Amino acid sequence: MRAEDPDDPAPAPCAWTRFVDEARARVAQGAPLETRGTLTRLTGLVLEAVGLRVPVGAQCLVQMPGHASGQAPVLAEVVGFSGERAFLMPAGDVHGLASGASVTPAAPCAPMPRWGDPPRRAARAGLPGLPMGAGLLGRVVDAQGQPLDHAGALQDVVSAPMGRSPVNALDRDPVRVPLATGVRAIDALLTVGRGQRLGLFAGSGAGKSVLLGMMARGTCADVIVLGLIGERGREVKEFVEDTLGAAGRARSVVVVAPADAPPLLRLQGAMYATALAGHFRDQGRHVLLLMDSLTRYAMAQREIALAIGEPPATKGYPPSCFAKLPELVERSGNGLHGVGSVTAFYTVLVEGDDAQDPIADAARAILDGHIVLSRALAESGHFPAIDIERSASRVMHNVVPRAQLDLARRFRALHACYQKGHDLVQLGAYASGSDPALDEALRLQPQMAAFVQQDMFEAAPMEQSVADLAAVLEPRTP
């Protein structure tokens, strides 16, 4: 045997030695060892993987071994597990995946992508955080924070996690200050307070989007965050350019997750819009959050829950849907000790104008008020088609003076009296003088109807709206 020459170069370490050295280095640095799973099943919307031990909510990358397909990794999120099987929901197209594809956790320490770069690069980074900051004002982004408006990469933003701890209920200031929306019927008769959360209940074609645009242009809020969740893609550009307008867009952030987006992205879009509103609130700003729609958010959760085997309950909605709604809604409201606020409007699609729809009923119970749009009013050309009788603001008595509250109650009483006696008058079965309240309602009806109608591009100041309400009701019968 030849004696070792001290001058000879050291032999190259074997692969096993290099692996051990790298593992020791990662352990010394506190970096976790990488786990890797294997894709075993793809059924409908759900991916199943084995050999993967990551918590629910973790993001993973799914890719064919050897990159043979040339396909970019598919970003997926762990939504459940059963024994050794992990259930993942993809955030992109799964075309090209097959059994045996590798499933690895998205590296939390990957370099931060430049928001606005191609989505493929951002997907590889797999960051749990999304862009937030003043650089988003005036921009339109998708549920992953990627710009959709072709205005270049985002500037003056930071990457922050969407998951925020809920604010202690006792640390929130009560709703005491009114927030002007620019809509005369709402400001005078259904006054909204800063930090209030309301539902906009309507069937399809009743003017929900137009009313949201009116509030976005006429509100006195500092920042507007608009979430278009599960709506038609055609409406996005029309809403941004026509309904919202240049003035409303300048102080707005629009988050888009259209109907053809995977359910995971629709859920993420709603949570991202809520997190953005909370981010601006924490900076001391007063934010108006407009989400269209809460029903599509619940439907996305239903798709995910049913796909992973959760049993359906009311009208096919599993119990997790009704748990997700308050979890999302409670993130809005007033900030800590009155620093900033998020006033939120959530549109709720009432299928077939059925007020007992399970999502509508659940939303009505957890929100601080509801504004109902009437299809009959919309079909008659009455816009905004707000049904005053069926609408209510639960905090109005805390944010307006007694005089305005009395005027609003009197207006509602006269309106209800007119609606009840309308059929008798139309049939000619009512004799004038039989009911003094109905006589007064009939006399004031033209002015009352004109008061609650408003052009979509007209912004009414709150003080002027209250003065107009008093002017309508001041004349009395001699």
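## Strand pairing

Two strands are taken to pair if DSSP finds at least two bridges between them, and strands (E, at least two residues) and helices (H or I, at least four) are DSSP runs numbered from the N terminus. This is a predicted model, in which local features need pLDDT of at least 70 and side-chain atom pairs count only at pLDDT 80 or more, while totals for chains, interfaces and linings use all residues. Residues are numbered from 1 along each chain as its sequence is written, and side-chain values use heavy atoms, with hydrogens and water left out.

Strand β4 (residues 74-82) runs antiparallel to β3 (residues 59-63), joined by four bridges, and Gln-59 stands opposite Glu-77 of β4. Strand β4 is also antiparallel to β5 (residues 85-90), with six bridges between them, and Ala-76 has Pro-90 of β5 as its bridge partner. Two residues separate β4 and β5 in their hairpin, where Gly-83 takes a positive phi near 65°.

## Salt bridges

With a salt bridge defined as a side-chain nitrogen of Lys or Arg within 4 Å of a carboxyl oxygen of Asp or Glu, the count comes to 17. One of them joins Glu-48 to Arg-85 at 3.3 Å, N to O, linking strand β2 (residues 46-50) with β5 across 37 residues. Glu-48 and Arg-85 also belong to a salt-bridge network with Arg-41.

Within helix α5, Glu-238 and Arg-234 lie four residues apart, about one turn of the helix, and their closest N and O atoms are 3.0 Å apart in a salt bridge.

## Burial

Buried means under 20% relative accessible area, exposed over 50%, and partly exposed in between (1.4 Å probe, protein chains only). Glu-48, at 11%, is therefore buried, whereas Arg-85, at 33%, is partly exposed.
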